[in-house]
Amino acid sequence: RDSVRFETKGGPLSVSRDGELLAMDFPALPPWPSEKIPADLLNGLDPKPETVFQVKNNYFVIYSTEEDVRRARPNFALLEKLHPFGVGITAPGKDADFVSRYFVPGFGIPEDPVTGSLHCSLVPYWANVLKKTKFHARQLSARGGELWCEAKGDRVLLKGKAVMYMEGSISI
């Protein structure tokens, strides 16, 4: 197939082929500055957060450099106390428009390798900061991943390569 449409609680989501990439069309989730920053978030990240945003069940920490994101050492025991919140960290990139990492230890995921939902908030944030709509992004987890993103009003288009990690069948 060239495309698949999923009906979800958040509305319809589609995935289509774009050459060697898969393109996912998601709702944009713009973050806002966090009014109250939990101590477990401040103490759970090294280096300490400079600026904190939030959206739904996520905090977003903005750092100045890609190196800050690379060398970040999360204290998972403290970040787990933020449940159900996850923690995304981001900064301008050297060879990409921006970089990120994403931690959700409250759900048993210390660090997610590549996170589409995280980019539904990072793309609107960086679109506002960088005054552009198309981005090359890198998630700097151990496995890592590259995304090509586009801000399209109230939608975000994410493109990347897929990695097969499971195959199965269902009998009805």
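I looked up Phe98 and Trp126 first: both are buried (under 20% relative accessible area; exposed is over 50%, partly exposed in between; 1.4 Å probe, protein chains only). This is a predicted model, with local features needing pLDDT of at least 70 and side-chain atom pairs counting only at pLDDT 80 or more, while totals for chains, interfaces and linings use all residues. Residues are numbered from 1 along each chain as its sequence is written, and side-chain values use heavy atoms, with hydrogens and water left out.

Next I checked the rings. Phe98 and Trp126 make a stacked aromatic pair, 5.8 Å centre to centre with 10 degrees between the planes (Phe, Tyr and Trp rings, the six-membered one for Trp, pair if their centres lie within 6.5 Å; planes under 30 degrees apart are stacked, over 60 edge-to-face, the rest tilted). Phe98 sits in strand β8 and Trp126 in helix α4, so the pair ties together parts 28 residues apart in sequence (DSSP runs: helices are H or I, at least four residues, strands E, at least two, numbered from the N terminus). I also noted one aromatic cluster of Phe53, Phe98, Tyr125, Trp126 and Phe135.

Then the core. The largest nonpolar core has 24 residues, and Phe98, Val123, Phe135, Cys149 and Leu158 touch the most other members (a set of buried Ala, Val, Leu, Ile, Met, Phe, Trp, Tyr and Cys joined through side-chain atoms within 4.5 Å). Helix α4 gives the most to this core, seven residues.

Last, I looked at Phe103, which is buried at 1% relative accessible area, and Phe76, partly exposed at 32%.
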